[in-house]
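These are my notebook entries on a single chain. I looked up its backbone, its overall extent and the packing of its helices.

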Amino acid sequence: EAADTKTALQILEKDTDNIAVVLLDWHLSGEDGGKVLESMRKKGWMDHIPTLVVTAEQSIETERKCIGLGAADMIRKPFDKDVVRKRVENNVSLYEHKNHMEEKVQEQNQLLRKQYSVMKAQAEKIKKSSQQMIDIICNILEHHYPEFDEKPQAVREISRIIGRKVQAHYPEYKLSDEDVESIAELASLRDIGKLLISDHVLFKPAKLTKEEREYMKSHTTKGCEIMGMMKSIQSPEHHKRSMEICRYHHERYDGKGYPEGLKGDEIPISAQIVSVVDAYHALISERIYKRAYSKEDAYYMVLGGECGIFSPKIMECFRMSRKEIEEIGSKERKGKV
């Protein structure tokens, strides 16, 4: 018990954890009980200690002030002790339940934070493994397949440049920063299926026969076979996107591509981006069966439809990206000097 405001606050300060409820006379020793309520609220005590104001006042203003300051209930004088006891028990029970629930929520939040940390670490581990896997595969392709002396970094950077333009100008595709980076990294794996193509066809310097061309086209589905074996070391999103890029990077917007003849936005946006990059980079790269075109010639050949018809939206992004794309080789050369 406390006979005045100062003593009441001292008791609360000293023994907060052992107090289950406060019965506060609104005119404690002639003072307004609001001072006690204000102090309790500032110190956070009212979050776990129900405070019942006892007063003879009947005005709605006093009741509004008490409730506004955080009082749990009001008891009017004169009062019946049994009614007061029951209202105290009810408020204490209510606060105990509330505090118990808050503790449970805190425990759940801590558990969720730990689980999130574990999942985040696992995701980073998978991402790192995926990046290492991509680098290893690119090294294998470079040694086995002469066309991959192109350095996969150029393909990644061109894919990243165009992907950012798509992200900025065509929000309907809902590409996030992570999506753009994922497409750029996985673009290097678009022709992984060529590892399963016969060297006789792969390295043939002469024009391929009709049967050989059809066989060469199977590198898209063979690439999916290889990527299917790597599902366990990729995140679900990365695996889905890598399969899309391998399978559909030779599809064309007008439906005249392969292997399925998809049209328009039936083609996943990841494959639409990489298909333009693949066509452009193939033109500026020297092959066994052809010379390398200049970047200017390659740019106009892609725009002119000589490599098939691409999405008008992707073509617009390709136009906007021309300067950045053509600077890639220059930056690489400067870095070697």
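Entry 1, a loop residue. I began with Lys 174, which lies in the loop between helix 5 (152-169) and helix 6 (177-186). Lys 174 is not a glycine, yet its phi is positive, at about 55 degrees. I noted that the model is a predicted one.

I looked up the bond from Lys 77 to Pro 78 and found it cis, with omega near -5 degrees. Pro 78 sits in the loop between strand 5 (73-76) and helix 4 (81-144). I also recorded a cis peptide bond between Tyr 258 and Pro 259, where omega is about 15 degrees. Pro 259 belongs to the loop that connects helix 10 and helix 11 (269-284).

I counted the secondary structure of the chain as 14 helices and five strands. The radius of gyration is 36 Å, whereas a compact globule of 337 residues would have one near 20 Å. Along the principal axes, the C-alpha atoms fill a box of roughly 110 × 45 × 35 Å.

I read a mean pLDDT of 85 for the chain, with 91% of the residues at 70 or more. Which elements mark the lowest and the highest mean pLDDT? Helix 14 (residues 322-336) has the lowest, 68, and helix 13 (residues 312-320) has the highest, 97. Over residues 331-337 the pLDDT falls below 50, and this stretch has one contact in the model beyond near neighbours in sequence.

I then turned to helix pairs. The axes of helix 8 (residues 210-217) and helix 9 cross at roughly 30 degrees and come within 5 Å. The two helices are therefore roughly parallel to each other, as an angle under 35 degrees counts as such. From helix 8, Tyr 215, Met 216 and Lys 217 meet His 219, Thr 220 and Lys 222 of helix 9. I sorted the residues of this contact into two nonpolar, two polar and two charged.

Helix 9 (residues 219-229) packs with helix 10 (residues 236-248) at an angle of about 160 degrees, and their axes are 7 Å apart. That angle makes helix 9 roughly antiparallel to helix 10. The crossing of helix 9 with helix 10 is right-handed. On the side of helix 9, I listed Thr 220, Thr 221, Gly 223, Cys 224, Met 227 and Gly 228 as making the contact. On the side of helix 10, the residues are His 239, Ser 242, Met 243, Cys 246 and Arg 247. Four of the residues in this contact are nonpolar, six are polar and one is charged.

How do the axes of helix 11 and helix 13 cross, and within what distance do they come? They cross at roughly 50 degrees and come within 10 Å. Helix 11 is therefore oblique to helix 13. I recorded a right-handed crossing for this pair. Ile 269, Gln 272, Ile 273, Val 276 and Tyr 280 of helix 11 meet Ile 314, Met 315 and Phe 318 of helix 13. Here the residues divide into seven nonpolar, one polar and no charged.

Definitions and conventions
Residues are numbered from 1 along each chain as its sequence is written. This is a predicted model: local features need pLDDT of at least 70, side-chain atom pairs count only at pLDDT 80 or more; totals for chains, interfaces and linings use all residues. Side-chain values use heavy atoms; hydrogens and water are left out. Axes are lines fitted to C-alpha atoms, for helices over the stretch in contact, and angles run from 0 to 180 degrees between N-to-C directions. Helices (H or I, at least four residues) and strands (E, at least two) are DSSP runs, numbered from the N terminus. Angles under 35 degrees count as roughly parallel, over 145 as roughly antiparallel, 65 to 115 as roughly perpendicular and the rest as oblique. A crossing is left-handed if the near helix is turned anticlockwise from the far one by less than a right angle, and right-handed if clockwise. Contact means heavy atoms within 4.5 Å. Ala, Val, Leu, Ile, Met, Phe, Trp, Tyr, Cys and Pro count as nonpolar, Asp, Glu, Lys and Arg as charged, and the others, Gly among them, as polar. pLDDT is the predictor's confidence in each residue, from 0 to 100. The radius of gyration is taken over C-alpha atoms; the globule rule is 2.2 Å times the number of residues to the power 0.38.
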